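Here is a short tour of a protein chain, meant to be read with the structure open beside you. We start with the whole fold and then visit a few places in more detail.

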Amino acid sequence: MRIIAIDDEASPLNLMRIMLEGTEGTELVASFSNAVDALEYLRHVQVDLAFVDVEMPDMNGIDFANAVEALPNPPLIVFVTAYSQYAMDAWGTDAVAYILKPFDRAQLVRVLDRAEHMLSIAKRGGFEVRCFPRFDLLVSGKPVVFHSKRAKELLAYLVLHRGSWVDIGTLVYDLFGDIDEKSSKSHYRVILTRLRQTLSELGIEDILKTEYGKIRVDIPEENCDYYRCLRGRRSLFSGEFMQEYSWAEGESARLRAETGRHE
């Protein structure tokens, strides 16, 4: 995995270099004290992953990550920051993860493992379902832009149920509330059609399964961070689960209780 690191302080860059030197399968190909020089470097050199400090002069890490997305083959981004309040801004980009300074080798290894998994999926042209901290569907490493927010929410709701059949009546109530049943079910059919269209365009429509009065998704464990977390990879949980959806708050609280995370 080809990596660059960007930080306006020398100490974190040195620590990153030392830790990566002892990590098999990684190569720190360049380090930068400012994001402007790093961005210019990436216009000419292909790398897989960039560790980026958030608070920097001239161009901060958030602006850098947004600028990188315009490149033909952008690297995955991991934010490194001493300030936890930047975490939510970081998750507003397509970042793989963020780690807080001072970081240790265990944190670094967890992030590298996640990045390697995503790169593997991208190379295969496959898809990844991301539930921490927000819900996203990625195809070939890129987040899918849903034209219908409700269609995206429907997919997220089905992912929560982990392949189990979901009764349409229950689904409609959870997503639309206690409104006229006939109208809500009609609305559901429209949203389902939009979700099918999106998945079909991506070539993964077969993950959606329906029978009379019920629906589910069929997603391999290795393609979803939530499923891998439930099978023992607790470090994947960032402290929030599908945070944009109120119906996911119960599962988010359960995961925090199990993992001891309260951020």
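## The chain as a whole

In this predicted model, the chain has 10 helices and 11 strands.

How does the radius of gyration fit with a compact globule? For 263 residues, such a globule would come out near 18 Å, and the chain has 20 Å, so the two agree. Contacts tell us about the fold too: among those with a separation of 6 or more, 61% are between residues 24 or more positions apart.

## Surface and charge

Of the 263 residues, 47% count as buried. The accessible surface of the chain is about 13000 Å², and carbon and sulfur atoms contribute 47% of that area.

As for charge, there are 31 positive and 41 negative side chains. The centres of these two sets lie 6 Å apart.

## A glutamate in helix α6

Now zoom in on Glu-153, which belongs to helix α6, residues 149-160. Is this residue buried or exposed? Its relative accessible area is 11%, and the cut-off for buried is under 20%, so Glu-153 counts as buried.

Which residues does Glu-153 touch, leaving aside its neighbours within four places in sequence? They are Leu-175, Tyr-245 and Trp-247.

## A three-stranded open sheet

Next, look for the open sheet of 3 strands, ordered β9-β11-β10 with antiparallel pairing. Strands β9 (166-167) and β10 stand at the edges with a single partner strand each, so one side of each has no neighbour in the sheet. As a reminder, strands of a sheet pair through backbone hydrogen bonds, in either a parallel or an antiparallel way.

Strand β10 (residues 208-211) is joined to strand β11 (residues 214-217) by 4 bridges, and the two run antiparallel. On the other pairing, β9 and β11 are also antiparallel, over 2 bridges.

How many residues lie between the strands in the hairpin of β10 and β11? There are 2, and in this hairpin Gly-213 takes a positive phi near 75°.

Notes:
Residues numbered from 1 in each chain as written. Predicted model: local features only at pLDDT ≥ 70, side-chain atom pairs only at ≥ 80, totals over all residues. Heavy atoms only, no water. Rg over C-alpha atoms; globule rule 2.2 N^0.38 Å. Buried < 20%, exposed > 50% of the residue type's maximum accessible area, 1.4 Å probe, protein only. Contact = heavy atoms within 4.5 Å. Areas by Shrake-Rupley, 256 points an atom, 1.4 Å probe, with all protein chains shown as cover. Lys, Arg positive; Asp, Glu negative; His and termini not counted. Charge placed at Lys NZ, Arg CZ, Asp CG, Glu CD. Pairing = 2+ DSSP bridges.
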